Amino acid sequence: MRNLQFLDLLPILALTSVTNRISGSLTSGPVLTGPHAAYPGSKVVFHCRSPKSPPPVTYELRADGHILFASGTDLQGGQSASFTLKVAETSAGKYHCQATSGGRTEVSNVITLSVVTPPSHTTVSSEPSPAVAYEGSRVVLQCDATGSNLSYTWYFNQEEVTPSTGPLFHTTGNQLVLDELTPEHSGLYSCYAWSVLEDIRRVSVSRELRVTVKDSYQGNVTCSCTRGSDPVNFSLLVDDIEKEPVITTQALVAWFNITVVPGLDRGVAICRVRTELQELMSEPMSLEIVPVGGDVKVEVEYLYSADSTLVMVTVRCLIGRGTFPHTSWTFNDSVLSSETHIGAHLPSVPNYYAFANLGQTLVLTKLESDTSGFYRCRVRNSYDDTGAWLESEAVLIAVTEVFTCTIEKIALGFFCFLLLMMALGTALVYRMFHQGRAQAQVDTTHSDAFPLSRPPVLSPVPTSNKQDETQSTFCVLCKMKNEARHLKSETTIPSTSTFNDCSVVI
């Protein structure tokens, strides 16, 4: 029985021996102590001690395997070595020390040092921006700062926002969420970004941001029927929640006032009409007022009359989005009066321009040099007179003379050209015919005067001066005369054909 009990205790004794050996090996080596995080520019101290190493002991501090410091030799034993390090951005890493004693080197535990960047450049931004919203809507504030291991604290009107402040505020990370805005949310907001290391606190404070909460708007929803007999019971359902019904006895129309918030979808509205005999439902409509936004552009169109005369220019303002836009126009950076509309007769207002399509179209009816220039449209919400304008790019509208050719002008020009070509052709044919007829008459006359059996041969006579040339000409004429006389004796020549003596005129 005793042997069995001893055998049962053997595993426990063996485990105890192993534990003592491991514990002894862990405590016999050098031990490194020091901080795990530090700010850049600060100084940290690491301590290395090897109590079990016999003197003399030499210590070294290493970072990622590289020697940083080598201390003196501990001649007495049991003393620690101190290493002072000035922290930089590159000081982050793993540190350990080595203890050398009696030709034996031992390595300590590892300490990971993190370099913590203190907060700086703290700013507060908002969504929407600027931080102007309507009652019942939502605003999200965000605190942005450079640094690491940061925490955030919000202040409202210079008082810290805490969970005890109430349900008006909700903090999530570096954001402060304002849900279901009320007038109490209006005020100044700021953010503190901070970090703490070994009781050293670093703080960066943002500038204050003003949040403005505007009163909500009352929207008017109209429910009507095209035909029917009164009395009629009208009711408005918003997301299946019925508003107070209205009974009409003189008209088939009813109005309902609801609270609306620009930029916030208030649900789907449906009009319901009830009589004693039937019940009708309207088409659903989204109750959302979209604020003016997006790109604003200008489109120009030139209009001509039937005779290609420029009569007017229309300039349209194209808006990216917006349910109730208010449009204003500028000419060379001067605001045009918005009281002139097509169909209005206002003699006190300049008549070279007018407005159409609720002011979104500008019509230029006076096309002269003084109306040429840069035109621009700007838009904002019609229900907010203090809102910012969204402006388009300025476009140049220059009224100049434009050469236009109509079909009538082209036809007239072609007809004139055809007439000119016909006249030239006729003159050319006439001239050719007249020249041919004259040539025929000359040939006939020569044949009657000289019915020669053979043509006379004219032998050229070389001449050296003017007198010789004259004599040669005289001889030729005389020869022709003699030939003619010879022929006369052989041929009967009409009495009207006579020859005179040859003569020379110098």
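# Briefing: pocket, salt bridges and backbone features

The lining of the largest pocket comprises 15 nonpolar, 6 polar and 6 charged residues (nonpolar: Ala, Val, Leu, Ile, Met, Phe, Trp, Tyr, Cys and Pro; charged: Asp, Glu, Lys and Arg; polar: the others, Gly among them). The model is predicted, so local features need pLDDT of at least 70 and side-chain atom pairs pLDDT 80 or more, while totals for chains, interfaces and linings use all residues. Residues are numbered from 1 along each chain as its sequence is written, and side-chain values use heavy atoms, leaving out hydrogens and water.

**Largest pocket**

- The largest pocket holds about 790 Å³ of space (an open set of points on a 1 Å grid over the protein atoms alone, where a 1.4 Å probe fits, with protein on both sides within 12 Å along at least five of seven lines; lining residues have an atom within 4 Å of a point; the volume is that filled by probe spheres on the points, which are joined across faces, edges and corners).
- Its lining consists of 27 residues, of which Pro-128, Val-132, Pro-291, Val-292 and Asn-381 are the closest to the pocket centre.
- Two or more lining residues come from each of β11 (132-134) and β34 (373-381) (strands are DSSP runs of E with at least two residues, helices runs of H or I with at least four, numbered from the N terminus).

**Cis peptide bonds**

- Glu-127 and Pro-128 are joined by a cis peptide bond with omega of about 10°.
- Pro-128 belongs to the loop that connects β10 (120-127) with β11, and Pro-128 is also listed among the residues closest to the centre of the largest pocket.
- A cis peptide bond with omega of about -5° links Pro-55 to Pro-56.
- The loop between β3 (43-49) and β4 (57-63) contains Pro-56.

**Salt bridges**

- In the whole structure, 7 salt bridges are found (a side-chain nitrogen of Lys or Arg within 4 Å of a carboxyl oxygen of Asp or Glu).
- One of them pairs Arg-138 with Asp-179, whose closest N and O atoms are 2.7 Å apart.
- Arg-138 is in the loop between β11 and β12 (139-146), and Asp-179 is in the loop between β16 (175-178) and β17 (187-197), so this pair ties together parts that are 41 residues apart in sequence.
- Both partners are partly exposed, Arg-138 with a relative accessible area of 49% and Asp-179 with 32% (buried is under 20%, exposed over 50%, partly exposed in between, with a 1.4 Å probe and protein chains only).
- Glu-60 is bridged to Arg-62, with 3.3 Å between the closest N and O atoms.
- Arg-62 is buried, at 16% relative accessibility.
- Glu-279 pairs with Arg-274, the closest N and O atoms lying 3.6 Å apart.
- Glu-279 is partly exposed, with a relative accessible area of 44%, and Arg-274 is partly exposed at 35%.

**Positive phi outside glycine**

- Gln-158, which is not a glycine, has a positive phi of about 65°.
- Gln-158 sits in the loop between β13 (151-156) and β14 (159-160) and is exposed, at 64% relative accessibility.
- Asn-357, also a residue other than glycine, has a positive phi near 55°.
- The loop between β32 (353-356) and β33 (361-364) carries Asn-357, which is exposed at 51% relative accessibility.

**Separations between C-alpha atoms**

- Cys-271 is placed in strand β25 (residues 268-274) and is buried, with 12% relative accessibility.
- The C-alpha atoms of Cys-271 and Glu-283 are 7.8 Å apart, and the two residues are separated by 12 residues along the chain.
- Ala-388 is in the loop between β34 and β35 (390-391) and is exposed, with a relative accessible area of 66%.
- From C-alpha to C-alpha, Ala-388 and Arg-378 are 9.7 Å apart in space, and they are 10 residues apart in sequence.

**Nonpolar surface patch**

- Phe-414, Phe-415, Phe-417, Leu-418, Leu-419, Leu-420, Met-421, Met-422 and Leu-424 make up a nonpolar surface patch, together exposing about 910 Å² of accessible area (patch residues have over 30% relative accessible area and no salt bridge; like charges are joined within 9 Å, and nonpolar side chains, here Val, Leu, Ile, Met, Phe, Trp and Tyr, within 5 Å; areas are Shrake-Rupley values with a 1.4 Å probe, and for residues only the protein chains shown count as cover).
- Within this patch, Leu-418 is part of helix α2 (residues 407-449).
- Leu-418 is partly exposed, with a relative accessible area of 39%.
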